[in-house]
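Please open the coordinates in your viewer and keep the selection panel at hand. The tour below moves from one selection to the next and says what is found at each stop.

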Amino acid sequence: MFNKSKINISVILIAIGIGLIPTGFITNGFIRDQVRENTPSTLLHIQEEAISEIEAQYLGLGITELLPEIKNQETRNIKDEIVEVLFTPSTLLFLKNLTMPLFVDRRLGSMTGYLIHDSLKVVSDDILDNINGPLSAQIIYETLEEVIANYSTTAAVARDAFFNNYTFQVSYENASVNGTTIKGVSEYASSSTYSLNFTVNAQQSLLYGNLSYPGLIEDIVNGTGMLEFIELYENATIDPATYNVSMQNAYNSTWNQLTSLANYVSNYLWPSVIPQTWNNTISPTAYATAESRELFFNDDNWSVTTNGTTPILGISEYVASGNLSYSALAQQRILYGYEDAPGILTSIFLGQGLLNYLDYYTETSGNATMQAQYNATLSQLNNLTAYIVLYSWIVSVPAQLALEDLTMETATLIDFYKQWANGSIFTGGIEINELSAELGDLSKAQGAANEIADVIDSMITRFNETFARDSFFNDFGFRVNFSYSIKGVSEYNSSSTYSLNYTATAQDRLLDGYEDAPGIFTSLDSGFGLLNWLDFYDSAYLNIGTNRSLMETTYNATWATQLLPLGQYLQDYLLDTIIAVISKVGFEAGIPTTTDIELNITQSLWDPLNSDGIVNETGILKWYKAARGNSTIQDQLNATFNLTQTQFNLLYSWIVGSAKNSLTPIVFIVQQPLGYRLTTGDYAGILFLEQWANGTVIPSGIDFGDGLKGFEVGLPIESNISYNSALALFDTDNSSSFIDNYGILQWIDAFNGDLTVKNDLIALFSLDSTQMDMILNWLFTTFKENVVPNILTDLTGYTMTYLAGLEFHRQWTNGTLFVNGIDLDPAFGLSSITDWEIGIPLQSNIDYYTSNRLWNEGNSYSLVSQKGNGLWYMASIYKSAYDTLKEYHHLDDTQMEAIIAWAANIKEEYSLPHLKEKLNLPLDVYTYANTVSLGFIIGSAIFLALGCVSIVLIFLSKRR
């Protein structure tokens, strides 16, 4: 029998030996797996160190992000707070000058109309008085005589019956004049129910007068008593304090009795009785009207005829000193118009009829059509026009104003102030787009372009930009489908039956422009884009040169089926139909709510020399600040103008809402010389650069809050950098400017002492050495150290660390920041980390988005996730893994090979030292692993030998 214990020991020794044989190999593989698994943490550690180093070393970090934001924001601030405020006075004065002819025309037209109208009325009334006065006196006289004669009574009884019998006409039906029976005074006044009870003395005085007071039947031949009584009564009605009581006393009558008698004459005898007894085929009123016109047009003694009561000459009197033979029909049509031909007394208050007549005369030159409409000869029309323009406007109206102690200038200024404060003259408001052709074109183009932009923007919020633009151009049911206020291009031109098929390229170019060619959306705030596009379209329409084919090529659109329909859409539909009805109003502070500001205060507000006024640069700043809530300035203005709070609020609202925000931006464009063809935004851009270069716009410097300054290179000493140089330095398309991500590197090199780069920049931007040093000192000392850290996050939403993270990818992929690489601080037991960039010495051309995915821990295909790192390791061995990663990251083979080689180098050069440091291994990990491997192999041989020897001895012992 074998000794079991000895056999077991021998087997154990053999087993140990066999187990130790591969252990050395396993240890070596374990180390390699640990290195591979440790690579993601190594890479993340390198990324962290790199971002920290970039943030510390990259002096321009944040500058390229911050300066464009500052430029945009401060340009807007300068536009809103400086340009549009300071140019409001010049805008208002510019508009005032444009509107003044309206007030001059209105004065001339309305006053001429009034003078002609009033003169005709005076003469007509005169003629009518010459009929009514004698006839009404005669009617009363003869009626009384008829009563006495027919009824065998006394004069006293007849008088009492005439005044007090409320059935006079019934009781004395045989008392008639020329066969006409008339009512008595009480009968007419009381509807035959009661007596007015005139006393005997009153009857006597009213009929025959009392002292200096006239009687109704005094001077029957001329009717002067009758007319004087009515005139006296009218004066007493107008000025009762002076005439009322004395008139009652003189006639021994009550005021009610006097009123009843006056109404009896003027409302009964004159309009009703006299026409019946007037022995003519025309009524007295019609006769007087016709006769007054005849005299005005044809009498060469009009002024004499009217006894000097009218302050103007007649037409024949002025022009020819002889009868010009205007027919009655011509007189009627000239005064009141005929069909579409205006009359000079139409709309008297505004004088519009007379002004329309002059416009019509100017347009037609008094042609045959105009002659036929007015039933007048060319000579008669010429003489009428000369009378208005050369006599009435130059002589008559000024003379009339002089009677009121006014000149034309003062009168029209008063009208202007009334209009501005209360809308008193043109109640609907003055439309500034009608004041000049250029203002009108700009206003309409601006409105049309923004109408399209608003519709497309509205669609973008519901869908996307591509769909929105395509629908506007190509959907033949655009308005029907989307319920917008305007039709689309295809919808308008195709009557909602088919699409014009504009390509996406054509849509973008037509809206946004292409190279130097304008687009509809170019400069939306001015409307220049649409106007310039229409200019191009008009030249193509005329086919001047090769403009039609040029336009087709430029916009990637056909002429007949796309460009021509778009031009018609813009001109015939959008501008003439949609936008034409939109008025640019807002000039008046008193519309729609009147301000009721007194004239003298309005004049003071509009005084350019008044430093508290609205048309003074100092004054408008005060009003603007007051409108923004500055109570100190509000108190100052209140002390100056003493307006009510309601009036102040109306002015504040108008200054900010209309004058500054609505009127100034559009008027500024046409003002000479500063604003011509510039928008307020364009000019603000110029001032922004001037502020940066020399600090002359805001001498104290732009304040970013809490007194933080340092934006200007030209403060406290002006740099005198030219506008063109400043414009180039702030040009985002200039790859050498300091706001370009690549350009800033050149400025860093110049700051760090690279004279070649420095001199190149000096030459490129037309600077001198002093200006260059000022910029470098400003960029990397004042601005970089003071401004950037304090406002970067607030203004851009980015931190320095975040920006450094963005720059990390540029450096890793292509070595963009520092072409020779960035040495990182000591780590992993190494003196420094170098050559960590994949893009040095050869750029990888991996884009930012791919780089970001490769360094994303949460991405299973990245370099820094465990799974992804394993895939990249397998990609070096298995084609399937290679293809998967290549397709996922959209990489080419060159980039794939570069990443695989780079990852292997990182594993060997940095992950292995990282592991050594992490595990605190005493020597190089691979040497350590090889030593362990050799030790385990020797050990396994010894145990195998011992086990085998033991078994052999057992067998030998048994044999014995």
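In which helix does leucine 384 lie? Leucine 384 lies in helix H17, residues 378-403, where helices (H or I, at least four residues) and strands (E, at least two) are DSSP runs, numbered from the N terminus. Before going further, note that this is a predicted model, in which local features need pLDDT of at least 70 and side-chain atom pairs count only at pLDDT 80 or more, while totals for chains, interfaces and linings use all residues. Residues are numbered from 1 along each chain as its sequence is written, and side-chain values use heavy atoms, with hydrogens and water left out.

With leucine 384 still selected, its relative accessible area is 0%, so it is buried (under 20% relative accessible area; exposed is over 50%, partly exposed in between, with a 1.4 Å probe and protein chains only). Leaving aside residues up to four places away in sequence, leucine 384 touches Ile315, Tyr326, Ile334 and Tyr357, contact meaning heavy atoms within 4.5 Å.

Next, select serine 110, which is found in helix H3 and is buried, with a relative accessible area of 2%. Residues up to four places away in sequence not being counted, serine 110 touches Asp105, Ile348, Phe349, Leu350 and Gly351.

Finally, select residues 224-238, which form helix H8. The buried residues of H8 are Gly225, Met226, Phe229, Ile230, Leu232, Tyr233 and Ala236, and they pack against helices H3 (88-150), H7 (200-208), H9 (240-251) and H10 (255-277).

Notes
Expected span 1.5 Å × (residues − 1).
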